[in-house]
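Here is a short briefing on one protein chain. Please keep the sequence and the coordinates at hand while reading.

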Amino acid sequence: MAHSVQVFCDYCRQPFARCIGKYNQDIKYGRKQFCSRECQWLAQDKKQHLSCNFCSKMFIKRACQIRITENHFCSRSCSASYSNRNKTKGSRRSKLEAWVESQLSIIYPQLEIHYNRKNAINAELDIYIPLLNLAIELNGIFHDQAIYGDDKLSQIQNNDRSKVQACHQKNIELHSINTSSFNHFKIDSAQKYLEIVTQLIDNKLANFKI
């Protein structure tokens, strides 16, 4: 039986047993030692194991790509989700959301209302009123139907559940209004959603005590 020697993999740095004859040949010709073909492949192609910045899944990425950016993602889907969660500028808002904001500013000129900010729960809330600990989400068709596929729908619904949990932890009363039947913007149609929002705010104001 051939004798073996314990060496350390030149890629993963884990110890493994190497046939002493092959080990001596590798040393003689200056070849590196690898515990598996995977480690040999990763080292030759200059790839690394990384943890996805969004879902924490381990994946392999080229060194040349690693140098390009600080954040790393296992898929485009995770990249988009991370970007939406952490963006500081801009938002993809519907005409209904923009119109409701304009009306609330008129109806409640003295009330501090935050729109599409992340300061409350580190995730974007459509409407948040700090004084009342009240948050309101206007959830369109993308929250109910797989318009962009099942994976995207699952991510959106997971984000919705995360918001519910985060609001509960922060003692924020969260209401989600289903606007999936609102297809084309018309003030007459938008008015009913505004009335739901104002009713929620008025109820909280009526019970608010300074």
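The points below go from the whole chain to the sheet, the cores, the aromatic rings and some backbone details.

This is a predicted model. The chain has 210 residues, and 31% of them count as buried. Its secondary structure comes to seven helices and eight strands.

**Whole chain**

- The accessible surface is about 14200 Å², and carbon and sulfur atoms account for 48% of that area.
- Among contacts with a separation of 6 or more, 43% join residues 24 or more positions apart.

**The four-stranded sheet**

- The strand order is β5-β6-β7-β8 in an open sheet with mixed pairing.
- β5 (114–117) and β8 are the edge strands; each has a single partner, so one side of each lacks a neighbour in the sheet.
- On average, neighbouring strands are turned by 25 degrees against each other, direction ignored.
- β6 and β7 run antiparallel and are joined by three bridges.
- Within this pairing, Ile 129 stands opposite Leu 134 of β7, and Ile 127 has Ile 136 as its bridge partner.
- β7 and β8 run parallel, with six bridges between them.
- Leu 134 also has a bridge partner in β8, namely Glu 173.

**Burial of β7**

- How many of the residues of β7 are buried? Six of its six residues are, and the strand is mostly covered.
- Leu 134, Ile 136 and Leu 138 point one way from the strand. Ala 135, Glu 137 and Asn 139 point the other way.

- α6 (residues 150–169) lies across β6, β7 and β8. This helix runs at about 150 degrees to β8.

**Nonpolar cores**

- In soluble globular proteins, nonpolar side chains tend to be buried together.
- The largest nonpolar core here has 22 residues. Which of them touch the most other members? They are Leu 104, Ile 127 and Ile 201.
- α5, β6 (125–129), β7 (134–139) and α7 each supply at least two residues of this core.
- α7 gives the most, with six residues.
- Ile 127 touches residues from several parts of the chain, including Val 100, Leu 104, Ile 113, Tyr 115, Ile 136 and Val 197. His 114, Leu 134 and Ala 135 are also among its contacts. This list leaves out residues up to four places away in sequence.
- A second, separate core has nine residues, among them Ala 120, Ala 166, Cys 167 and Ile 172.

**Aromatic rings**

- The structure holds three aromatic pairs.
- Trp 99 and Phe 185 pair edge-to-face, at 6.1 Å centre to centre and 65 degrees between the planes.
- Trp 99 lies in helix α5 (residues 95–107), and Phe 185 lies in the loop between β8 (173–178) and α7 (187–207). The pair therefore ties together parts that are 86 residues apart in sequence.
- Is Trp 99 buried or exposed? Trp 99 counts as buried, at 12% relative accessibility. Phe 185 counts as partly exposed, at 32%.
- Phe 185 also pairs edge-to-face with Phe 182, at 6.1 Å centre to centre and 75 degrees between the planes.
- Phe 182 counts as buried, at 16% relative accessibility.
- Trp 99, Phe 182, Phe 185 and Tyr 193 form one aromatic cluster.

**Positive phi in the loops**

- Asn 122 has a phi near 65 degrees, a positive value in a residue other than glycine. Where is Asn 122? It lies in the loop between β5 and β6.
- Asn 122 is exposed, with a relative accessible area of 55%.
- Asn 171 has a positive phi of about 60 degrees and is not a glycine. Its place is the loop between α6 and β8.
- Asn 171 counts as exposed, at 61% relative accessibility.
- Asn 133 takes a positive phi near 50 degrees in the hairpin of β6 and β7. That hairpin has four residues between the strands.

Terms used
Residues are numbered from 1 along each chain as its sequence is written. This is a predicted model: local features need pLDDT of at least 70, side-chain atom pairs count only at pLDDT 80 or more; totals for chains, interfaces and linings use all residues. Side-chain values use heavy atoms; hydrogens and water are left out. Buried means under 20% relative accessible area, exposed over 50%, partly exposed in between (1.4 Å probe, protein chains only). Contact means heavy atoms within 4.5 Å. Accessible areas come from the Shrake-Rupley method with a 1.4 Å probe; for residues, only the protein chains shown count as cover. Rings of Phe, Tyr and Trp (its six-membered ring) pair if their centres lie within 6.5 Å; planes under 30 degrees apart count as stacked, over 60 as edge-to-face and the rest as tilted. A nonpolar core is a set of buried Ala, Val, Leu, Ile, Met, Phe, Trp, Tyr and Cys residues joined through side-chain atoms within 4.5 Å. Two strands pair if DSSP finds at least two bridges between them. Axes are lines fitted to C-alpha atoms, for helices over the stretch in contact, and angles run from 0 to 180 degrees between N-to-C directions.
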